Amino acid sequence: MAPCGSGWLANEGSKHLSLLFWLSLNVWLFWKTFLLYYHGPQYYYLHQMLGLGLCISRASASVLNLNCSLVLLPMCRILLAFLRGSQKVASRKTRRLLDKSKTFHVTCGVTICVFSVLHVAAHLVNVLNFSVNYTEEFLALNAANYRGEDPRKLLFTTVPGLTGVLMVLVLFLMCTASTYAIRLLNYDIFWYTHNLFFVFYVLLLVHVSGGVLKYQTNLEEHPPGCFHPNTTLREDIPVPGTFEEPFPEYAPEPFPAELEPFVQNNFVRICAEEPKFQSHFPETWLWISGPLCLYCAERLYRYIRSYKPATITSVISHPSNVLELRMRKENFKARPGQYIILHCPRVSALESHPFTLTMCPTDTKATFGVHLKIVGDWTERFRDLLLLHSSQDTEILPNFQQRNYPTDNWQCYKLRRLYFIWVCREIQSFRWFADLLCMLHNKLWQENRPDYINIQLYLSQTDGIQKIIGEKYQVLNSRLLIGRPRWKLLFDEIAKCNRQKTVGVFCCGPNEISKVLHKLSNSSNSYGTRFEYNKESFS
Amino acid sequence: MGRIEWAMWANEQALASGLILVTGGTVAVAAQFKGWQFAAYAIVAGVFICLLEYPRGKRKKGSTMERCGQKYLTAVVKVFGPVTRNYYVRAILHAALAVPAGFLLSTILGTACLGIASAIYLLAAIRGEEWNPIEQKPQERPQVGGGTIKQPPTMPPPRPPPETRKKQPAEEASQENPIPVTIEVGGVGR
């Protein structure tokens with residue numbers, strides 16, 4: 001990322017601030033839970049048995065609680081789309097933050113993996129300690145049945161142990177299938193394994209109900225480390241750290257609440273009764289039930305809404321293997337920039353694919369359309385089905401998702417100028433929208449706004465022979481440039497012509513272009529122009 | 001689902017399992033747990049698996065992303081010919097390597113993960129997939145025009161006299177849009 005300037009702050013500031021907030025929350029939660037189990041008197045005997053493994057496993061569990069609940073929220077797309085499009089979220093900063101929902105989901109996912117490793121390692125040590133430090137004194141605290149019981153048997157025969165192992169395997173499958181290489185080259189594997197998350201959550205709900213770790217309930221009657229009159233004083237019990245400083249008889253400050261019972265038995269700490277232990281209420285249920293219900297409701301809503309099929313009204317073949325599909329559906333509303341997800345059971349029962357809308361329904365015309373490039377087996381089969389049955393009305397079931405950018409109604413948006421830069425490999429590709437661009441240009445020319453749209457078309461691969469798009473597209477031919485765009489020069493020119501303004505950059509393209517544009521948007525220029533960077537993503 | 005290449009996923013799993021084995025084994029050896037010999041074995045097996053699985057195989061169709069610096073290990077793995085090419089061999093090898101690590105608590109999860117990787121390799125082998133090394137591409141020519149032109153013309157245009165120069169057949173807009181294109185926008189920038 002380029003060094004800090006107003007560009008960097010505008011583009012990255014709120015994102016990094018939110019990340020910092022989330023990170024602090026995790027650190028605080030980890031630290032708080034660690035200290036609770038390290039110093040808490042109700043865990044005194046348990047800590048004695050298990051050692052540091054107890055504190056680390058519980059602290060990592062609390063971080064896992066937080067992240068397992070947060071990881072579902074960015075996937076509630078309809079809710080996010082509603083927030084993004086509603087008038088209540090008017091700030092562009094907030095909308096751009098909502099665009100980063102997929103990144104946040106990945107961040108939480110990675111955190112879950114990392115802390116799961118920590119949690120599992122600490123619990124394996126706990127299992128070992130349960131076996132080795134089996135206590136005859138406090139039988140209720142034990143997880144093992146006898147001293148020296150095989151820890152592997154404990155792992156596989158207790159409810160938390162078995163569900164834990166299964167969760168590790170599910171997480172392993174999901175994690176290895178979510179790497180960048182697999183998502184890029186074998187998306188199906190990623191998609192199908194990621195749906196195992198539901199199994200993971202069910203196992204998690206059962207995992208925390210095991211109640212193996214217990215806390216002491218009768219701290220007043222039996223302060224930990226107290227003296228039992230019938231047994232000899234055990235020298236090797238470490239006194240809880242809170243006692244090590246002498247308490248003055250009349251202290252000016254009041255004692256903290258948890259020390260009250262100990263102060264009463266200050267000099268003669270005699271146990272009134274045996275310690276009683278109880279399992280915790282599964283806190284995780286409270287953490288994840290909300291987001292899980294929300295997500296399930298969202299899936300149900302998506303399913304119900306997509307039940308009515310759309311009718312294909314026309315199929316148009318464009319050069320370079322592109323198909324244009326026009327459809328109609330009852331009560332369908334969409335805004336420029338949104339995308340839809342197509343599901344055609346006759347092509348594939350399980351697969352569905354997102355496509356940006358290239359034509360939105362309006363008040364006068366209900367037809368909407370998408371352009372599909374035929375790449376891959378689903379689009380090939382879809383095309384074959386469409387062209388074979390081109391005379392009939394085929395039914396497909398579209399799901400509708402809202403695109404992250406730009407979603408505003410452009411009549412109320414203060415758009416002053418649009419720079420449209422389109423890079424293609426083959427000259428025929430420009431024909432996909434050549435008619436539309438020419439008509440738009442002519443209309444604006446007639447309305448005396450010729451500079452409203454600046455069209456620049458780039459042909460990145462050429463065999464040296466001068467080409468034109470077509471005789472009737474003179475407007476576009478004169479705006480056709482050979483070679484890839486020089487982005488730095490383009491940015492400088494736009495900055496110079498729009499001084500002190502904010503320019504939105506919207507990129508649909510491969511990652512290499514995206515990185516270059518992002519870097520250029522972050523860097524500062526001498527004209528005071530700010531570039532706000534946005535990227536297409538079907539998240 | 002017809003075009004899924006399972007071997008790529010099995011490769012990721014095997015690499016991850018190797019790392020899990022190394023981690024679990026290191027912990028047990030460092031803490032001198034009972035049965036640490038199994039842990040030492042797990043470390044060795046894990047390192048071997050990581051080295052074997054690091055070079056990614058070539059996909060049947062399309063380009064494959066290489067792992068950073070994998071070309072050195074590709075050269076080594078390629079030497080073993082059919083033994084490393086065949087996925088049945090890998091499936092059996094991983095299943096066999098996984099078993100001894102199952103006796104120790106800290107490496108038992110590595111066993112389970114390697115077992116799954118072995119099963120997916122078996123699936124890949126049944127579907128006829130094979131490991132093929134990713135070969136290096138030949139060096140590209142130095143870029144002309146700052147990298148904006150992919151194929152610069154190499155010959156000057158021949159210029160015959162005007163009488164013999166025939167007009168190039170113009171690329172007609174042979175595509176007639178069956179449905180007329182209209183613009184559906186409201187007022188512009190008001």
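**The cysteines and a helix pair**

Reply: A:C226 and A:C271 are both buried (under 20% relative accessible area, with a 1.4 Å probe and protein chains only). This is a predicted model: local features need pLDDT of at least 70, side-chain atom pairs count only at pLDDT 80 or more, and totals for chains, interfaces and linings use all residues. Residues are numbered from 1 along each chain as its sequence is written, chains are lettered from A and ligands numbered from 1 in the order in which they are written, and side-chain values use heavy atoms, without hydrogens and water.

A disulfide joins A:C226 to A:C271, S to S 2.0 Å (cysteine sulfurs within 2.5 Å). The whole structure has 1 disulfide over all chains. Its S-S torsion is about 110°, so it is right-handed. The pair links distant parts of the chain, 45 residues apart. A:C226 lies in the loop between β1 (214-216) and α12 (260-264) of chain A, and A:C271 in the loop between α12 and β2 (277-279). Helices (H or I, at least four residues) and strands (E, at least two) are DSSP runs, numbered from the N terminus.

A:C175 is in no disulfide; its nearest cysteine sulfur, that of A:C113, is 3.4 Å away.

Now the helices. α6 (residues 101-132) and α8 (residues 159-176) of chain A pack at about 150°, their axes 11 Å apart. α6(A) and α8(A) are therefore roughly antiparallel (over 145 degrees). The contact (heavy atoms within 4.5 Å) includes A:C113 of α6(A) and A:C175 of α8(A).

Technical notes
Axes are lines fitted to C-alpha atoms, for helices over the stretch in contact, and angles run from 0 to 180 degrees between N-to-C directions. Angles under 35 degrees count as roughly parallel, over 145 as roughly antiparallel, 65 to 115 as roughly perpendicular and the rest as oblique. Buried means under 20% relative accessible area, exposed over 50%, partly exposed in between (1.4 Å probe, protein chains only).
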